[in-house]
Structures are given as structure tokens and as C-alpha cells.
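Subject: Handing over a structure

Hi,

Here is the structure I promised to pass on to you. Have a look at it first, and then read on for what turned up.

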Amino acid sequence: MNNILNGKILYVDEHLSCNQYMHNITHGFILKDIEEGTFKEIESLAKHSIILILEGKSSISYKKFKDVSVEKNSMIFLPKGSNISYKIKQETKAIIFTFDNLLSGCDQNLLNSCSKCIDNVNYKFSPLKMHESLEQYSKTLKYCLERNINCTHFHELKHKEFFMYLRYFYTKEDITNFLYPIIGLKPDFKQFILNNWEIGMSVDDIIAKMPMSKSTFIRTFDHHFKMTPYAWYQ
């Protein structure tokens with residue numbers, strides 16, 4: 001009971017030795033403290049990134065948008081491949097959320113739905129204020145990351161949870177402007193399969209992650225892999 005009350009993780013060695021534990025975070029969530037005055041330029045961002053600012057203030061430049069201010073309890077989206085620069089104006093604590101593809105077919109359907117709004121949106125690279133749900137989500141996420149909870153499944157759940165709050169509490173116009181650079185883009189099918197089809201998952205399990213019917217999935221799979229999904233999985 002004392003271990004629970006003081007917030008320590010139980011059975012640390014078991015977690016660290018599990019093959020689902022990510023010792024190096026290549027995708028998912030990283031908690032960062034960044035000193036005031038830090039300036040950095042990044043060419044060709046390796047993954048899509050959502051920056052959630054928990055404390056502090058910074059400015060980010062992307063394309064024609066220069067020195068866009070991002071403050072506490074706000075978030076901003078940076079697409080994969082983008083060239084950016086940022087400067088930390090006040091000591092900042094942030095959660096960096098990186099991903100290649102959306103993990104849920106519901107989320108991909110959301111982007112497809114938002115593509116219908118794209119002609120009505122005059123894109124502006126700007127932060128989005130965190131709804132109360134995302135503020136609470138960020139606090140829990142920070143708490144867990146500080147205690148090195150880095151299980152793959154934890155990061156996947158938090159990935160899906162983030163987009164769930166986005167769907168529930170933001171208008172499609174807000175989402176369209178926020179995720180504008182990837183609205184309407186079709187996911188790379190082959191890369192999605194390689195990243196998401198894990199041992200123990202059935203064909204129906206992976207299809208549930210894709211915004212398509214089973215017949216379309218099987219036809220698309222054959223086009224990319226030159227075999228049936230059943231044969232490839234075996």
C-alpha cells in the first residue's frame with residue numbers, strides 16, 4: 001500500500017525485461033524539459049509530431065509562418081518532413097508525441113471527413129488550446145512518463161486516447177486547421193502493415209485498424225505484397 005501511495009512502480013525489473021518495453025522511444029511520447037534561450041533548427045522532421053506545452057513559452061517557425069508563439073496548455077502539430085526552428089522564451093516542459101501513422105480506423109475516417117472542410121479553411125500554422133480533457137490527459141501522461149512507464153501498449157493506448165479527445169471535443173474546422181498538412185492524405189498501406197501487424201493479431205484485428213472493408217483490404221494487400229494476408233502472416 002505504501003508503494004502505491006508514494007507513486008512508485010512495482011516490479012520494475014519485470015517491466016524492464018519485457019520485450020514490449022521501449023528502452024529507446026522511437027515513436028510515442030517523450031517528456032522534455034527545455035532551458036530558456038535554447039534555439040534549434042531541424043531539417044526534415046523524422047516523424048509527425050504534436051507538441052503539448054505543459055509549462056513555459058516558446059516560438060516556432062514553419063514555412064512562411066515565423067515565430068508563432070506556443071504557450072502553456074496549448075499544442076501544435078508539425079508534419080513529417082518539415083523544416084522548422086524553435087526558440088524557448090521561458091523554461092518549458094513539453095510532451096513530444098511522435099507517430100508515422102494513425103493507429104485507429106476511426107481516426108483515419110476523421111481525417112477523411114475533415115477533408116470535406118478543407119476548402120473552407122484558410123490554413124494558419126497556429127497552436128490549439130488544450131480542452132480540459134486534454135489538460136487532464138497531459139497531467140496523467142506526465143505522471144506516468146516521469147515514472148518511466150514505457151510499455152509499447154501504454155504508448156499505443158495514449159496515442160488512441162489523444163485522438164479520441166480530439167474527435168469528441170473539437171470542431172472539424174479546428175481539427176482541419178490543426179492537422180491541415182495531413183488531411184486527406186492516404187496512409188502508406190505497406191508501411192502501416194509493417195508497423196502495426198503484430199504477432200498474435202488476426203487478419204480481422206489488423207483490418208479493424210484500417211478504414212476499409214475486408215474485401216478492399218485483401219485486394220489492396222495482394223497489390224502491395226503479391227500474396228494473401230494469410231500467407232504473408234504465416
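A contact, in what follows, means heavy atoms within 4.5 Å. With that rule, and leaving aside neighbours within four places in sequence, L179 is in contact with F77, L111, F163 and L166.

Two housekeeping notes. This is a predicted model, where local features need pLDDT of at least 70 and side-chain atom pairs count only at pLDDT 80 or more, while totals for chains, interfaces and linings use all residues. Residues are numbered from 1 along each chain as its sequence is written, and side-chain values use heavy atoms, with hydrogens and water left out.

On confidence: pLDDT is the predictor's confidence in each residue, from 0 to 100. The protein chain has a mean of 85, and 86% of its residues reach 70 or more. Over residues 1–5 the value is below 50, and this stretch has two contacts in the model beyond near neighbours in sequence. Where pLDDT is low, the predicted coordinates should not be read in detail.

Now the overall picture. The chain comes to ten helices and seven strands (DSSP runs, H or I of at least four residues for helices and E of at least two for strands, numbered from the N terminus). Of its 234 residues, 44% count as buried (under 20% relative accessible area, with exposed over 50% and partly exposed in between, using a 1.4 Å probe and protein chains only). Among contacts between residues at least 6 apart in sequence, 76% join residues at least 24 apart.

Next, the cores. A nonpolar core is a set of buried Ala, Val, Leu, Ile, Met, Phe, Trp, Tyr and Cys residues joined through side-chain atoms within 4.5 Å. The largest has 31 residues, of which I50, M75, F162, F163 and L179 touch the most other members. Elements that give two or more residues to this core include β3 (48–62), β6 (84–99) and α5 (152–169). A second, separate core of 18 residues includes I53, I88, I96 and F125.

L166 lies in helix α5 and is buried, at 0% relative accessibility. Not counting residues up to four places away in sequence, L166 touches M75, I175 and L179. L166 and L110 are 56 residues apart in sequence and 9.7 Å apart in space, C-alpha to C-alpha.

Rings of Phe, Tyr and Trp (its six-membered ring) pair if their centres lie within 6.5 Å; planes under 30 degrees apart count as stacked, over 60 as edge-to-face and the rest as tilted. The count comes to 19 aromatic pairs. F97 and F162 form an edge-to-face pair, 5.5 Å centre to centre with 70 degrees between the planes. This pair links strand β6, which holds F97, to helix α5, which holds F162, across 65 residues. F97 is buried, with a relative accessible area of 0%, and F162 also counts as buried, at 0%.

W197 and W232 make a tilted pair, 5.5 Å centre to centre with 35 degrees between the planes. W197 is in the loop between α7 and α8 and W232 in helix α10, so the pair ties together parts 35 residues apart in sequence.

Lastly, helix α7 (residues 189–196): F189, F192, I193 and N196 are buried there. Its buried residues pack against α8 (203–207), α9 (214–225) and α10 (229–233).

Happy exploring!
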